[in-house]
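I opened the model to look up a few local features. My entries follow.

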Amino acid sequence: MGDKKSPTRPKRHCKPPSDESYWDCSVCTFRNTAEAFKCMMCDVRKGTSTRKPRPVSQIVAQQVTPQFASPTQPKKEKKEKTEKDKNDREPALKKNSRKKMRPRLKNIDRNSAQHLKVTVGDLTVIITDFKEKTKPLSTSSSSSTATSADPQSQSGSSSDNTEKAVSRSSSPRGEVACVILVFFSVLYVFNQLASSLETVNSWTESRADGGPPRYARKAAGREGHDWRDRCKSMSVTHWNPYWRLAPDVCGKNCFMESARRYAVDKTLSGFSHVDRVEPVRLAVVACGPRLEETLTMLKSAVIFSQRALHFHIFAEDDLHSGFKDSLESWPVRFRSQYNYTIYPITFPSDNAKEWKKLFKPCASQRLFLPLILSDVDSLLYVDTDILFLQPVEEIWNFLSIFNSSHMAAMAPEHEEPRIAWYNRFARHPYYGKTGVNSGVMLMNMTRIRAKHFRNDMTPVHLRWVDLLMPLLQKYKLNITWGDQDLLNIIFHHNPEGLFVFPCHWNYRPDHCIYGSNCAAAEQYGVYILHGNRGVYHDDKQPAFRAVYDAIQKYPFGEDPVSSLLHPLEEKLKTTTHTYCGRSSHIFTKKLRESITYIQKDNLNAR
């Protein structure tokens, strides 16, 4: 394709414009196009043969203005002007505007006028300075301050501050701020008063229960004796950084002190007398393939206990016959030590599926025990993977040393914060420094039913029955361990209601999997073994499995030394390749004492 333009074709030239296509404005002499009806410069209409052009009134006014008025500058020139040129032009503009309309200033003393002349080039500007009117209140305050013994500079500054405060408070915004400040101050005072009254009441109740005066408690602490009110158990919480220490809370390491302050030999000797006729009520919840594991736990309770027992067994319907047949088949001598009641699994009808699937199947049933067993005062709840290595009544006797605010007792989740779970991974409030474990939970259910619990959902304290469902709805996306997390949240906001017993009452693989970190177990041995994480049924922790197999295979009525203790010790010798196996002596220390106690009791009975 060639070029479309012809090289021989002549170029077109625009015709020169003629004068007939334009008209000159009679006012501003601007040349407009013939099609324009008005002047493009001054908006004056185009004249005709029968009508003269009519000037615009604004244009006429601009032409009449004085010639010394500053002409308008083009935009480019305005941008190029320096700051010095602007300062030179502003005084002249202010002078002209003051001639047109003088503003009226308020709250000034016109008798105190001071005139200042400023000359820039040929232009002189007069500046008048007025002082602010002084009010009677500020005057009196300034005069009183001036007559004081302070230096003049201090009196001047104080009077200025007074004037500022008066002017600030006299404004509507300042009055509202003052009212709000006074309201919150009064509210804070009432809050502190209420908390102090609660502390005084609890101290008075402890004194009414027979507790010694404060100086006696301090003396007991110096002599090495423990007193129940010396340090509140885990009342310092680490989730909320703005905690406030109560008068009877340890100021340092309260968590560890509360976990270790109960020396076992001293604690047992200090128990008050408990009626041996009253049975120890033991509750357990079993779902799925937990029948044999639960029966082994109940067997350990029957073997070592010297008190009457009452088992409250909550199980799925297909497990009821298995529990009944097994419990009825045990020897008569042991059968006479216990009674049992089997209950179906029941949850609130509105959210039954949600509660049942929380964490493990049916594990959250324990939260509703105070509501289901409404006629039961106290209860010991344990998981199915619990084994008692000492009489059940020993942990039951902790109820006798509860103070007036305690309603439950649990062990810490961990003793070593560096490897604990809650303080590293929890996305919700938890109790104390490392949380608590609910596998062994001693409850005074009468107090739980009567208590109104503080919470972070409403300023109103809620009862147990009204607290559980809202708590689940708020935290169900943030909890990992189900009902145990909910209990940690509840006692985080109500720490005074929880009694914390040492770790050897709930000994788990966490206490030895990375090395022994339960000092109480090293000293006194394991009292209650908790085989969580399924360690009874795999080879991850053979020491725990050895204890479970020994109790499961032990035949009722046989010599516990030859049929239980010796086989267990031989089995534990093969587990020294694990950290828990290297501490195998703690598994048999308390067990040996319990067996010796049983043999002596049997000899006395004969």
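I count a residue as buried under 20% relative accessible area, exposed over 50% and partly exposed in between, with a 1.4 Å probe and protein chains only. Helices (H or I, at least four residues) and strands (E, at least two) are DSSP runs numbered from the N terminus. The model is predicted, with local features needing pLDDT of at least 70, side-chain atom pairs counting only at pLDDT 80 or more, and totals for chains, interfaces and linings using all residues. Residues are numbered from 1 along each chain as its sequence is written, and side-chain values use heavy atoms, without hydrogens and water.

Entry on α22. I looked up its burial and found Pro560, Leu564, Leu565, Leu568 and Leu572 buried.

Entry on β10. Five of the five residues of this strand (residues 408-412) are buried, so β10 is largely enclosed by the rest of the structure. I looked up its pairing (at least two DSSP bridges between two strands). Four bridges join β10 to β11 (residues 436-444) in the antiparallel sense, with Ala411 opposite Asn437. Three bridges pair β10 with β14 (residues 498-500) in parallel, and there Ala408 has Leu498 as its bridge partner.

Entry on Arg533. I found this residue in the loop between β15 (528-530) and α21 (542-553). Arg533 is exposed, at 53% relative accessible area. Its phi is near 65°, a positive value in a residue other than glycine. Most residues other than glycine have a negative phi.
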